[in-house]
Amino acid sequence: MHTRTPRQRLSMSAVALIALAALAALGGCAKPKAPDLYGWNGYEKNLDTYFRGDREALDAQAKLMENDLEKIRSAGKATPPGYRAHLGLLYGKQGDMARFQEHLEAEKQVFPESETFIDFLLRKFKKN
Amino acid sequence: MKFSIKPWIAALAIIALTGCATQKTPPPPYDYTLLKESKPRSILVLPPLNQTPEVRASYSMLAQVTQPLSESGYYVFPVSLVDETLKENGVSEASDAHQLPAAKLLEIFGADAALYITMTQYGTVFRVLDSATTVTAEAKLVDLKTGSTLWAGKASASTAEQQNQQQGGLAVLLIAAVVKQIIGSVTDQSHPMAGVTSQRLLKAGRVDGLLYGPRSPLYVPN
């Protein structure tokens with residue numbers, strides 16, 4: 001019943017070609033998005049919760065951070081700068097100085113840039 | 001039916017060209033001499049100065065600076081621990097923190113550079129027909145060894161942008177995504193707007209923005 005003439009067929013493929021060209025042209029404007037360097041999950045949301053100070057108990061915040069840490073690891077992502085240190089702080093605030101120290105050491109190991117600050121904190125902690 | 005291709009091509013060409021159109025007179029390029037010389041690896045973000053009436057402005061921003069700076073290739077000191085350390089040493093106000101001598105910051109934190117942020121706008125202006133939530137922030141990156149300013153910038157984000165199609169590109173997509181998230185809850189649009197502001201202010205690779213740091217594959221060593 002409906003048969004395309006060669007002329008119509010040509011137009012159809014021409015349209016398809018133009019559409020492809022348009023996509024390429026538009027896509028040319030956007031830089032290809034490089035994959036993130038780190039797995040973020042809820043880190044910044046957790047920081048906000050911490051700063052607000054009235055949203056969630058410290059142990060609940062630490063639990064969220066631990067769960068996210070598992071997810072980041074199982075996704076094969078790197079933990080972001082400050083992540084382990086913040087988790088350490090959450091434990092330190094609850095009096096768990098062993099975990100405080102453990103996570104601060106981890107921060108220093110992954111990010112040697114933090115050495116001076118982490119050593120300052122660990123020294124201070126030992127004095128008290 | 002005869003299908004005419006020419007008008008299609010013309011229309012697409014116009015779309016393609018306008019999509020990439022740049023400003024008529026490009027401003028002079030940013031002078032990155034000092035930043036390139038200094039090559040900072042790590043950035044200490046101090047609690048932002050707040051020049052707005054909203055108490056929440058500073059810490060809403062501080063919670064959202066780590067991602068853009070880290071993804072740009074810098075080590076960012078844990079903002080919560082930095083804040084606690086300052087407070088425990090009697091520096092409870094951002095204005096006091098911003099006055100600390102560079103040598104003292106270098107001694108305690110060992111950071112290559114410090115980032116001083118000032119919040120100049122944060123909140124919602126309610127009008128009869130429309131209301132807009134706008135966040136604006138300025139930032140200055142200072143070398144802690146020399147005390148010289150390596151880079152300075154300013155950025156803004158507003159919910160009013162969703163009506164402004166001229167912005168185009170990533171900005172609109174970002175805003176659209178944020179707006180989608182907060183539809184139905186008009187209570188706190190300032191915080192997501194601060195997040196967009198932070199990205200625009202601190203993510204490397206933007207016009208006059210920060211350069212990539214050494215942890216990024218896009219870092220350009222001299």
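Mentor: The axes of helix α4 (residues 83-93) and helix α5 (residues 97-110), both of chain A, come within 8 Å and cross at roughly 170 degrees. Helices here are DSSP runs of H or I with at least four residues, strands are runs of E with at least two, and both are numbered from the N terminus. An axis is a line fitted to C-alpha atoms, for helices over the stretch in contact, and angles run from 0 to 180 degrees between N-to-C directions. α4(A) and α5(A) are therefore roughly antiparallel to each other; angles over 145 degrees count as such, those under 35 as roughly parallel, 65 to 115 as roughly perpendicular, and the rest as oblique.

On the side of α4(A), the contact is made by A:R84, A:A85, A:L87, A:G88, A:Y91 and A:G92. From α5(A) come A:M97, A:R99, A:F100, A:H103, A:L104, A:A106 and A:E107. Two residues are in contact if their C-beta atoms, placed from the backbone, lie within 7 Å. The residues of this contact divide into seven nonpolar, three polar and three charged. Ala, Val, Leu, Ile, Met, Phe, Trp, Tyr, Cys and Pro count as nonpolar, Asp, Glu, Lys and Arg as charged, and the others, Gly among them, as polar.

The model is predicted: local features need pLDDT of at least 70 and side-chain atom pairs count only at pLDDT 80 or more, while totals for chains, interfaces and linings use all residues. Residues are numbered from 1 along each chain as its sequence is written, and chains are lettered from A and ligands numbered from 1 in the order in which they are written.

Now the surroundings. Chain A has six helices and zero strands. Of its 128 residues, 27% are buried, meaning that 20 or more other C-beta atoms lie within 10 Å of the residue's own; with 12 or fewer a residue is exposed, and in between it is partly exposed. Among the contacts in chain A with a separation of 6 or more, 49% are between residues 24 or more positions apart.

Chain B has nine helices and six strands, and 40% of its 222 residues are buried. In helix α9 (residues 190-202) of chain B, 13 of the 13 residues are buried. Strand β1 (residues 42-45) of chain B is covered on both faces, with B:S42 and B:L44 buried on one side and B:I43 and B:V45 on the other.
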